[in-house]
Amino acid sequence: MINPEAINIEDEKWMSQAIELAKEGLYTTHPNPRVGCVIVKDDHVVGRGFHFRAGEPHAEVHALRDAGENAVGATAYVTLEPCSHFGRTPPCCDALIKAGVSRVVAAMKDPNPEVAGRGLQRIEDAGISVVSGILEDEARDLNPGFLKRMETGLPYVRIKQAMSLDGRTAMASGESKWITGAEARSDVQRLRAMSDAIITGVESIIHDDSSLTLRADELGLKSDLAKEVVKHQPLRLVLDTQLRIPESAKILTLPGETIVVCSDQADQAKKTQLEKAGVTVWTQMTGKHIQLAALLKQLAEERSINEVLVEAGAQLSTSFLEEKLVDECWTYIAPKLMGANARPLTTLPLESMNQAIPLTFEEVSPMGEDLRIISKPARSLG
């Protein structure tokens with residue numbers, strides 16, 4: 001909670017800078033949260049830092065190293081409560097105490113049960129002034145997946161779709177390259193890079209031989225950063241109830257890991273063949289359909305997946321929407337008309353207006369010749 005008496009009029013200004021720093025780790029911190037830190041003394045920033053990759057120093061450590069002796073008596077602004085436990089790195093709360101800061105301002109408490117207020121309490125017990133809750137909404141926006149996984153046990157789910165102005169995603173033959181232009185496709189690459197896992201259906205693999213990889217030259221980022229980003233390819237999942245995936249599919253041989261998810265009624269000989277070829281196969285004890293909520297929970301629990309991107313055809317996308325598992329829709333709209341015979345965006349079996357799924361527009365942005373709309377289903381679990 002915010003203690004009004006402890007708030008400095010400049011706190012939001014410095015916290016805004018910490019939030020901007022945190023965004024430097026937008027594509028690289030999986031499965032850790034994106035965190036930024038600035039250290040301020042005598043109304044000047046003396047140290048800056050952000051978390052870049054799991055296993056490497058946290059934002060507070062980078063900022064303290066940058067500040068050096070200037071950290072003594074300074075105020076540390078951090079976008080997430082400093083950690084209080086030993087993971088791959090030592091507790092950041094101890095580093096702040098040892099550095100001699102006089103005040104710590106956190107945008108929010110960490111919902112991770114291993115921290116959950118303990119970091120701030122340890123700092124306060126050391127005689128250091130503590131404030132939390134400054135620009136908390138903006139800080140939460142940095143880590144929707146990490147927060148949702150900690151608070152609900154499920155990852156944050158985005159659906160990406162590209163369509164014509166008349167709501168079509170492919171011609172009747174399945175031809176869809178390319179609906180959108182180069183700038184929109186580059187934006188999708190960055191969306192993939194934000195994601196820990198990408199889910200598609202086997203139909204996309206059979207018809208398009210999709211790869212779902214990050215490609216450095218298409219990310220639209222500085223060369224050095226792009227090279228770092230592609231070192232971590234998102235986990236790829238192909239939902240394939242009856243194991244119809246071709247053994248020659250590109251997605252099975254590309255860098256990174258692909259998991260094929262099938263039913264317990266799938267061809268066991270095909271499953272064995274895939275596993276012998278080094279493919280991970282997850283089997284659900286189910287009938288005709290993959291249990292999507294159970295799969296998301298498994299991804300969160302077993303793989304620490306924070307953010308999931310669904311890149312699939314109308315049928316699978318519709319299933320996620322119908323089961324109210326979608327937190328955001330990223331829809332790219334091209335200024336084209338593809339006609340009534342082309343394939344639709346969804347296959348929702350709606351017959352009356354009271355069945356319509358309400359959405360809220362969060363952002364509308366031009367992407368070259370196309371348009372990107374980010375919306376949220378009002379009835380999502382997010």
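Analyst: **Salt bridges in context**

Glu-301 and Lys-297 form a salt bridge, with the closest N and O atoms 3.1 Å apart. The term covers a side-chain nitrogen of Lys or Arg within 4 Å of a carboxyl oxygen of Asp or Glu. This is a predicted model, in which local features need pLDDT of at least 70 and side-chain atom pairs count only at pLDDT 80 or more, while totals for chains, interfaces and linings use all residues. Residues are numbered from 1 along each chain as its sequence is written, and side-chain values use heavy atoms, leaving out hydrogens and water.

Both partners sit in helix H11 (residues 292–303). They are four residues apart, about one turn of the helix. Helices (H or I, at least four residues) and strands (E, at least two) are DSSP runs, numbered from the N terminus. Glu-301 is exposed, at 54% relative accessible area. Lys-297 is partly exposed, at 40%. Here buried means under 20% relative accessible area, exposed means over 50%, and partly exposed lies in between, with a 1.4 Å probe and protein chains only.

Glu-275 is partly exposed, with a relative accessible area of 35%. Lys-271 is buried, at 15%.

Asp-327 and Lys-148 give another kind of picture. Their side chains meet in a salt bridge at 2.8 Å, N to O. This pair links distant parts of the chain, 179 residues apart. Asp-327 is in the loop between helix H12 (314–322) and strand E13 (328–334). Lys-148 is in helix H6 (residues 144–152). Both Asp-327 and Lys-148 are buried.

Salt bridges also join into a network. Arg-34, Arg-158, Glu-307 and Glu-328 are linked in this way. In total, the structure holds 21 salt bridges.

Now to a lysine in a strand. Lys-160 is found in strand E6 (residues 156–164). Lys-160 is buried, with a relative accessible area of 19%. Contact means heavy atoms within 4.5 Å.

Ile-39 shows the nonpolar interior. Ile-39 belongs to strand E1 (residues 36–41). Its relative accessibility is 0%, so Ile-39 counts as buried. Beyond residues up to four places away in sequence, Ile-39 touches partners including Val-45, Val-46, Ala-63, Leu-64, Ala-67 and Ala-71. His-44, Gly-47 and Thr-75 are also among the residues that Ile-39 touches. Ile-39 and Arg-103 are 64 residues apart in sequence, and their C-alpha atoms are 9.8 Å apart in space.

What about the cysteines? The structure holds zero disulfides. A disulfide is counted when two cysteine sulfur atoms lie within 2.5 Å. The sulfur of Cys-83 has its closest cysteine sulfur in Cys-92, 3.7 Å away, which is too far for a bond. Cys-83 is buried, at 9% relative accessibility. Cys-329 is buried too, with a relative accessible area of 7%.

The surface has a nonpolar patch. Phe-361, Val-364 and Leu-371 form it, with about 290 Å² of accessible area together. Patches take residues with over 30% relative accessible area and no salt bridge, joining like charges within 9 Å and nonpolar side chains (Val, Leu, Ile, Met, Phe, Trp, Tyr) within 5 Å. Phe-361 is in strand E15 (residues 359–367). At 59% relative accessibility, Phe-361 counts as exposed.

Finally, the whole fold. The protein has 12 helices and 16 strands. Its radius of gyration is 23 Å, close to the 21 Å that the globule rule gives for 382 residues, so the protein is as compact as a globular protein of that length. That radius is taken over C-alpha atoms, and the rule is 2.2 Å times the number of residues to the power 0.38. The C-alpha atoms fill a box of roughly 65 × 45 × 45 Å along the principal axes.

Of the 382 residues, 51% count as buried. The accessible surface comes to about 18,000 Å², and 50% of it belongs to carbon and sulfur atoms. Accessible areas come from the Shrake-Rupley method with a 1.4 Å probe; for residues, only the protein chains shown count as cover. Among contacts between residues at least 6 apart in sequence, 69% join residues at least 24 apart.
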